[in-house]
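Trainee: I should like to learn how to read the features of a structure, one at a time. May we begin with the helices and then turn to charged pairs and the core?

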Amino acid sequence: MTERQEQTAGDAVLTRIGQSVILHHAGDREEARVRFLALWHELGEDGDPLHRCTLAHYLADTQDDPSDELAWDLRALSAAEELTGERRPGHEGAPAVRALYPCLHLNLAADYVKLGRSEAARSHLRRARGTAASLAEDSYGDGVRAAIHHLELRLGEDGPAGPGEDPGGPPRQRS
């Protein structure tokens, strides 16, 4: 009984995240950010890592400041590491989160490009490339692999743009 209640509560969190994502994609970025932040405060720092990973992953896209975007992407990665690390090896969301690593690292690389931090960008780009084998052979996987390749070309040929410039990199990837 308790397990079923916890699953229902978890599904409700993911539903609320999904509703806010829809708002964001429909152009209501500010309302999406408000709802995401309210849910973040409800979950707290000790909330389910899968929920925190998913929420922070999407919250990053609603930020105006590249430093804030980076902070949320770092929170998403930290929560993912809680799921796939030794602390929670039996969590049923761990395999799904491993498949997010290429995107999480790609987003961090793009954040660092925006901030003019090329070495950090290259480090996360290498991690994205190194985890890309976990991606399925589908449109999502193809899109992430293409974005990794695009950013590789961007960093390898021209280097990253400076702060405030258009980095010309890939659009952020969402799962």
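Trainee: What span should the 14 residues of helix H7 have at 1.5 Å a residue, and how far apart are its end C-alpha atoms?

Mentor: Please keep in mind that this is a predicted model. Helix H7 covers residues 118-131, and its 14 residues should span 20 Å at 1.5 Å a residue. The end C-alpha atoms of H7 are 20 Å apart, so the two values agree.

Trainee: Which residues of H7 are buried, and where do they lie around the axis?

Mentor: An α-helix has 3.6 residues a turn, so residues three or four places apart point the same way. In H7, the residues Ala121, His124, Leu125 and Ala128 are buried. Because they cover an arc of only 110° around the axis, they lie on the same side of H7. The face of H7 turned away from this buried side carries the exposed residues Glu119 and Gly130.

Trainee: How many of the residues of H6 are buried?

Mentor: H6 is mostly covered, with 13 of its 14 residues buried. This helix takes in residues 101-114 and reaches 20 Å from its first C-alpha to its last, close to the 20 Å expected. After H6 comes glycine 116, whose phi is positive, near 75°.

Trainee: How many helices and how many strands are there in the chain?

Mentor: The chain has 8 helices and 0 strands. Buried residues make up 43% of its 175 residues. Among contacts with a separation of 6 or more, 61% are between residues 24 or more positions apart.

Trainee: How many salt bridges does the count come to?

Mentor: The general principle is brief. Side chains of opposite charge can pair when their charged atoms come close. Here the count comes to 11 salt bridges. One of them joins the side chains of arginine 33 and glutamate 30 at 2.3 Å, N to O. These two residues are 3 residues apart in helix H2 (residues 29-43), and therefore about one helical turn separates them. Arginine 33 counts as buried because its relative accessibility is 13%, a value under the 20% limit. Glutamate 30 is partly exposed, at a relative accessible area of 45%.

Trainee: How many residues apart are glutamate 31 and arginine 35 in helix H2?

Mentor: Glutamate 31 and arginine 35 are 4 residues apart in helix H2, so about one helical turn lies between them. Their side chains meet in a salt bridge of 2.9 Å, N to O. Glutamate 31 counts as partly exposed at 29% relative accessibility, and arginine 35 is partly exposed with a relative accessible area of 39%.

Trainee: Which residue meets the side chain of arginine 52 in a salt bridge?

Mentor: The side chain of glutamate 82 does so, at 2.6 Å, N to O. This pair links distant parts of the chain, with glutamate 82 in helix H4 (residues 66-84) and arginine 52 in helix H3, 30 residues apart. Both glutamate 82 and arginine 52 are buried. Elsewhere, salt bridges that share partners join Arg29, Glu30, Arg33 and Asp64 into one network.

Trainee: What else surrounds arginine 52, leaving aside its neighbours within four places in sequence?

Mentor: Arginine 52 has a relative accessible area of 5%, and its contacts include Trp40, Leu43, Asp46, Gly47 and Ala79. A polar atom of the side chain of arginine 52 lies 2.8 Å from the backbone oxygen of glycine 47.

Trainee: Which residues touch the most other members of the largest nonpolar core?

Mentor: In soluble globular proteins, nonpolar side chains tend to be buried together. The largest nonpolar core in this model has 41 residues, of which Ile17, Phe36, Leu55, Leu104 and Leu106 touch the most other members. Helices H1 (2-25), H2, H3, H4, H6, H7 and H8 (139-158) each supply at least two residues of this core. Beyond residues up to four places away in sequence, phenylalanine 36 touches Ile17, Ser20, Val21, Leu55, Tyr58, Leu59 and Thr62.

Trainee: Is alanine 56 buried or exposed?

Mentor: Alanine 56, found in helix H3, counts as buried because its relative accessibility is 0%. Not counting residues up to four places away in sequence, alanine 56 touches Trp40, Trp72, Arg75 and Ala76. Alanine 56 and leucine 37 are 19 residues apart in sequence and 9.2 Å apart in space, C-alpha to C-alpha.

Key
Residues numbered from 1 in each chain as written. Predicted model: local features only at pLDDT ≥ 70, side-chain atom pairs only at ≥ 80, totals over all residues. Heavy atoms only, no water. Buried < 20%, exposed > 50% of the residue type's maximum accessible area, 1.4 Å probe, protein only. Polar contact = N/O pair within 3.5 Å; in protein donor to acceptor, adjacent residues only side chain to side chain. Contact = heavy atoms within 4.5 Å. Expected span 1.5 Å × (residues − 1). Salt bridge = Lys/Arg side-chain N within 4 Å of Asp/Glu carboxyl O. Arc of directions from axis to C-beta. Core = buried A, V, L, I, M, F, W, Y, C linked by side-chain atoms within 4.5 Å.
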